[in-house]
Amino acid sequence: TLLYTIKFEVMDEMQGMILAQGQTTSHFRCRNTRYLHGPERASVPDDKVSWGVEFEEYNPPNYTDPQVLETPVWADPNIEENPVQSPLQFNQLDDTVSRISHVGAYAVVNGFPLNVIGRTGITGRGLLGKWGPNHAADPVVTRWKIDGDGKKVLHEQSGKPILQFVSIRRNDTCDWALPGGMVESGDSVGETLKKEFGEEALNTKRMGKEELGEAIDMVDELFRNGSVIYQGYVDDPRNTDNAWMETVAKNYHDEKGEFKEVALEAGDDSGKVQWKDVDSSLNLYASHYEYVKSTAEKHGAHWEAN
């Protein structure tokens with residue numbers, strides 16, 4: 001219909017804006033693969049990702065994980081039986097839930113929000129709780145690699161100082177990742193960044209009262225000043241046509257080495273946690289590789305050999 005055509009044309013214009021902002025205009029990790037614990041995605045060629053491109057034979061499977069359908073506190077109600085009468089308010093703040101995309105307004109067709117980047121080969125919510133954007137926050141906590149004399153270690157080929165960052169190994173995919181998490185209803189991005197770092201990299205959930213207080217003070221100090229590395233869509237394997245991940249990634253850099261005395265300890269959702277050297281050989285979850293690369297460039301640190 002004319003209405004849908006107009007919406008798709010607007011989304012195509014938005015993709016041009018996304019490109020200008022340095023964000024991805026396509027996705028790869030959430031396309032042409034089997035969905036996590038779910039069905040095989042329908043094939044979506046590169047030139048058919050955009051909703052503005054006709055794709056008559058597109059017939060993706062529908063999948064929402066059974067746990068999501070049980071409607072835990074972090075999940076939306078299931079609107080599939082009567083989506084047009086859905087109480088959800090898309091493209092705006094819906095009570096305490098932000099349904100606003102960092103990318104811009106997204107189309108809502110027949111009551112369902114459409115992935116702001118394009119087709120993924122599967123409909124429903126998959127493993128994600130929210131219809132539309134699911135907001136996360138990812139802290140990139142860094143320090144310089146220091147030798148025994150307290151001097152920065154320089155890479156032998158590039159000659160640039162080596163940066164290190166805190167990385168966790170996710171229990172669900174076994175990928176190394178940033179210690180981030182979902183922004184819960186009513187929480188700010190800043191609160192989420194600190195809370196998730198504490199839970200995933202310091203295991204604050206298992207600390208006693210006194211130890212927890214010290215950890216909170218330390219994290220508050222470290223997270224006092226941070227800089228946004230990225231804000232927008234995430235190429236996440238959990239994304240679907242109707243639900244997708246977005247994040248704010250912020251860098252918190254420990255220039256003075258004050259964080260070296262802090263003992264990292266993996267939390268419930270992370271199998272391991274450690275300081276990792278930053279370079280181009282890293283293999284990280286979702287779009288985390290790009291955030292770490294941008295952080296290295298920001299600090300003039302080593303990334304790849306000349």
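Tyrosine 289 is found in helix α5, which spans residues 288-299; helices (H or I, at least four residues) and strands (E, at least two) are DSSP runs numbered from the N terminus. The model is predicted: local features need pLDDT of at least 70, side-chain atom pairs count only at pLDDT 80 or more, and totals for chains, interfaces and linings use all residues. Residues are numbered from 1 along each chain as its sequence is written, and side-chain values use heavy atoms, with hydrogens and water left out.

- Tyrosine 289 is partly exposed, at a relative accessible area of 22%; buried means under 20% relative accessible area, exposed over 50%, and partly exposed in between, with a 1.4 Å probe and protein chains only.
- Beyond its neighbours within four places in sequence, tyrosine 289 is in contact with Ser280, Leu282, Leu284 and Trp303, where contact means heavy atoms within 4.5 Å.
- Isoleucine 162 is 127 residues away from tyrosine 289 along the chain, and the two C-alpha atoms are separated by 16 Å.

**Overall architecture**

- The chain contains five helices and 13 strands.
- The radius of gyration is 21 Å, close to the 19 Å that the globule rule gives for 306 residues, so the chain is as compact as a globular protein of that length. The radius is taken over C-alpha atoms, and the rule is 2.2 Å times the number of residues to the power 0.38.
- Along the principal axes, the C-alpha atoms fill a box of roughly 70 × 50 × 30 Å.
- Of the contacts in the chain with a separation of 6 or more, 69% are between residues 24 or more positions apart.

**Burial, surface and charge**

- Buried residues account for 49% of the 306 residues in the chain.
- The chain exposes about 15,200 Å², of which carbon and sulfur atoms supply 47%; accessible areas come from the Shrake-Rupley method with a 1.4 Å probe, and for residues only the protein chains shown count as cover.
- There are 31 positive and 50 negative side chains, and the centres of the two sets lie 4 Å apart. Lys and Arg count as positive and Asp and Glu as negative, while His and the chain ends are not counted; the place of a charge is NZ of Lys, CZ of Arg, CG of Asp or CD of Glu.

**Confidence**

- The average pLDDT of the chain is 87, and 91% of the residues score at least 70; pLDDT is the predictor's confidence in each residue, from 0 to 100.
- Over residues 1-10 pLDDT stays under 50, and the model has seven contacts beyond four places in sequence for this segment.
- Residues 13-24 also stay under 50 in pLDDT, and for them the model has 21 contacts beyond four places in sequence.

**Positive phi angles**

- Most residues other than glycine have a negative phi.
- Asparagine 32, which is not a glycine, has a positive phi of about 60 degrees. Asparagine 32 lies in the loop between α1 (2-20) and β1 (62-64) and is partly exposed, with a relative accessible area of 40%.
- Aspartate 95 has a positive phi near 60 degrees. Aspartate 95 is placed in the loop between β2 (93-94) and β3 (97-98) and counts as exposed at 67% relative accessibility.

**Other sites**

- Threonine 247 sits in strand β12, residues 243-254, and is buried at 0% relative accessibility. Not counting residues up to four places away in sequence, threonine 247 touches His102, Ala136, Ala137, Asp138, Tyr230, Gln231, Gly232, Val234 and Tyr291.
- Isoleucine 117 occupies the loop between β5 (112-113) and β6 (123-126) and is buried, with a relative accessible area of 0%. Isoleucine 117 and serine 86 are 31 residues apart along the chain, and their C-alpha atoms are separated by 23 Å.
- Alanine 266 is in the loop between β12 and β13 (270-277). Leaving aside neighbours within four places in sequence, alanine 266 contacts Glu200, Asn203, Gly271, Lys272 and Val273.
- Proline 179 is 87 residues from alanine 266 in sequence and 9.6 Å from it in space, C-alpha to C-alpha.
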